[in-house]
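Please open the structure in your viewer and keep a selection tool at hand. The stops below are given in the order in which they may be selected.

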Amino acid sequence: MTYKKKVLVTGAGGFIGHHLTQYLVDRGYWVRGADIKRPEYGASSAHEFELLDLRRFDNALIAARGVDHVYALAADMGGIGFIEQNKGPIMRNNTLINLHTIEAARINQVERFFYTSSACIYPGYLQRDENVTPLKESDAYPADAEDGYGWEKLYAERMCRHYTEDFGLDTRVVRFHNIFGPLGTFEGGREKSPAAICRKIALASDGGTIEIWGDGNQTRSYCYVDDCVEGIYRLMQSSQADPINLGQDRMISINELVRLVARIAGKQIHTVHDLTAPQGVRGRNSDNTMLRETLKWAPAVSLEDGLAKTYAWIYRQLAEAGRVTEVTMNAAVV
Ligand code: NAD
């Protein structure tokens, strides 16, 4: 069989990497997945899946051997609770992973290297209000990134730039804004707000109460994973070398997110607020002007549709584990 290209997806055992692997296989690429763990929910569709700890350079060299493209998604990461409480491990682990992966790509003479950065690189001083102006790419400097995870991502972005300038390695850098969808972690401490809220509501009874971190007026925008992998692919084909946002620009509060999921679940849900829990920045939204102009494309899946699919998937996981007691789900999500 003839393949379009041979590619490496690091972090292929994780949420976005698992989806991206499937996307690339479906489009005729030969894919090697690399991760320290296999996907939690279902087998990888990668042609080859190697269990490798990319904090070790010898492993990065093995992972990148003989491929044309590298999609670097591996990272020690999680939701705000996790990144607030693990700054040391995150900085050490991710710096090693990123240094080794890009250097292995250079040594293996790959054609193009794709790095997954984050909205967490944007300065705290622009995100102190819930009604924030959407963040555009040039807002990254003067830098005041999210302490720990955000600084490490910004450092890796710079590394891509300098590998291009000094070694001629062609790089693409994306800044994701809150990607969500099925197959994402929904419990255990690394889950993010949409998955956590879906889980809490799935486990709550009709008329029940769930706990929310903060007063719930903090705002975010959310992007469904199918749009995310489509955007990754389009960006990889483009000539856009500078970092670019990939997200939706519909900003909503956590309280609104809870109401949306409750409606999907067909339940009356009350909330209590833990004001001592980590909340991250007060407000954040993505300016997608550059994305639209460069790729002639923008994420299209509505928050309602994406959440319905995500809620249904999380509900099913809980039901299969015998952890939800209701017999039926709301018709919208069956
Ligand atoms: P994920 O945690 O589901 O996937 C990351 C994968 O990296 C995991 O499977 C993990 O096992 C693997 N990994 C960790 N340490 C490793 C190591 N030492 N060697 C090899 N593999 C290792 O996260 P995700 O949501 O799929 O995120 C993918 C990428 O996108 C990450 O770089 C993340 O920082 C970035 N990102 C994600 C979001 C989001 O909303 N999900 C937002 C911004 C940026």
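A residue counts as buried under 20% relative accessible area, as exposed over 50% and as partly exposed in between, with a 1.4 Å probe and protein chains only. The model is predicted: local features need pLDDT of at least 70 and side-chain atom pairs pLDDT 80 or more, whereas totals for chains, interfaces and linings use all residues. Residues are numbered from 1 along each chain as its sequence is written, and side-chain values use heavy atoms, without hydrogens or water.

First, select helix H7, residues 225–237; helices are DSSP runs of H or I with at least four residues, numbered from the N terminus. Of its 13 residues, 10 are buried, among them Asp-227, Glu-230 and Tyr-233.

Next, colour domain 1 (6–179 + 224–246) and domain 2 (181–221 + 250–284 + 302–333), whose bounds come from an automatic or database domain assignment. Their C-alpha centres lie 26 Å apart. Together the domains bury about 2300 Å², 59% of it on carbon and sulfur atoms; this is the accessible area (1.4 Å probe) lost by two parts on being put together, summed over both. On the domain 1 side, Tyr-41, Glu-130 and Tyr-224 lose the most area to domain 2.

Finally, show the side chains of Glu-130 and Arg-282, which form a salt bridge at 2.9 Å, N to O (a Lys or Arg side-chain nitrogen within 4 Å of an Asp or Glu carboxyl oxygen).

How values were computed: Helices (H or I, at least four residues) and strands (E, at least two) are DSSP runs, numbered from the N terminus. The expected span of a helix is 1.5 Å times one less than its number of residues.
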